[in-house]
Amino acid sequence: MKRILFPIGVILTVSILLILFNRSNNVKVFTVEEKPIKKVIYASGYVKPRNYVVIRSEVSGYVKEIRVKEGDKVRKGEILAVMDAGPVEESLREAQERLRLIKERLREDSDYRRSLEKQVEITKRNMEQAQRYLFRRESLAQRGLIPREQYEEAKRSYENAKSEYEKALTTYRDSIKALESEERFLSASVERIKKELDKYYIKSPINGVVLNKYVEVGEYINHISQDNKLFSVGESDAKEIVLNVDEEYASSIKSGMKVYISLDIYPSRVFEGRLVLIEGEINKNKKTLEVKAVADLPPEVPANATVEANILVEDRKALVIPKSAYKNGFVYKYEKVRRIKVPVKVGEEVNGYLEVLEGLKKGDKVVVE
């Protein structure tokens, strides 16, 4: 690409450089004038739709269905594609069936619960009957109307009946608790499987337009592969420019600075924009800082279009003289017919000219050799 912008440096905008000649004395002079000086930092990057995202799969499997095409507008949460989730769906059905059976057993009028309650009722009646019999035997034994052995036998019968009742009651309570525990476990399992199953429905995380569709029905997606890309979605009408600036210039740029953009697809145009975001971290591998800019780009500019840019970090006016007029800290100022040696302090050089920091003023004439 033919670069129409400049790398870091100073751009001297000169409308007319007035070099005057004194023909009679064969002296060539330059009139010192104030000219605009622009300091820029070069950067390169690409165009990205605002809120641009690449949608990847969280699970591996075959693409079963694709519901959108490139250019379709989509809303956040809308299903873009469906992946084959056969084993997960089967696990969900099994868990839901087990949960249904547990809930059925826990119903107040279920046969299972009634059978447990009936056993409790039977043992309770047996215990109460044995207790009444014991009371009678005890009364008779106290009056000496029956042998002590009959009382002891009645007492053992009661204790056995009481033990059976307590055992039946414990069995009932433990069974209900076990069912309730299993119900909670299965309910959690169903929710977990549903969340897992939801991953097989590929959804758009934002409102936007489908910019690219990378897969077809029947393709296998490995979710840990670098090729795991299904769609890209973004705001087609709102674009931002991502630029990479060399690390050494990171401290020179600030949000709000002007930036001049050139694109391959518009080689003869330059677009003016501004920086809107500067990342707070240097890319260790590339040794660059990522910045974002906005500019009034044509709506047809495609995503990922290559750009080159100059970030305007300084824009001021300065006095300039030709480099050939400067000799080891001095210039010869021309006054009428005389040359006067004048010490000057100069700054940056650009395109054969030096910035004058001290020693000359606007309108002075210096000898050019």
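Me: Are Phe30 and Tyr353 buried or exposed?
Reply: This is a predicted model, in which local features need pLDDT of at least 70 and side-chain atom pairs count only at pLDDT 80 or more, while totals for chains, interfaces and linings use all residues. Residues are numbered from 1 along each chain as its sequence is written, and side-chain values use heavy atoms, with hydrogens and water left out. Buried denotes under 20% relative accessible area, exposed over 50%, and partly exposed in between (1.4 Å probe, protein chains only). By that criterion, both Phe30 and Tyr353 are buried.

Me: How many aromatic pairs does the structure hold?
Reply: Rings of Phe, Tyr and Trp (its six-membered ring) pair if their centres lie within 6.5 Å; planes under 30 degrees apart are stacked, over 60 edge-to-face, and the rest tilted. The number of aromatic pairs in the structure is three.

Me: Phe30 and Tyr353 form an aromatic pair; which class does it have?
Reply: The ring centres of Phe30 and Tyr353 are 6.2 Å apart. With 50 degrees between the planes, the pair is tilted.

Me: How many residues apart in sequence are the parts tied together by Phe30 and Tyr353?
Reply: Strands are DSSP runs of E with at least two residues, numbered from the N terminus. Phe30 belongs to strand β3 (residues 27-31) and Tyr353 to strand β19 (residues 353-358), so their pair links parts separated in sequence by 323 residues.

Me: Which class describes the aromatic pair of Tyr62 and Tyr220?
Reply: The centres of these two rings, Tyr62 and Tyr220, are 4.9 Å apart. Since the planes of Tyr62 and Tyr220 make 65 degrees, which is over 60, the pair is edge-to-face.

Me: Which residue lies over the face of Tyr112?
Reply: A charge sits over a ring if NZ of Lys or CZ of Arg is within 6 Å of the ring centre and within 35 degrees of the ring normal. At 4.5 Å from the ring centre, the residue over the face of Tyr112 is Arg105.

Me: Which residue stands opposite Leu289 in β14?
Reply: Two strands pair if DSSP finds at least two bridges between them. Strand β13 (residues 266-283) pairs with β14 in the antiparallel sense over seven bridges. Opposite Leu289 in β14 stands Ile282.

Terms used
Helix = DSSP H or I, 4+ residues; strand = E, 2+ residues; numbered from the N terminus.
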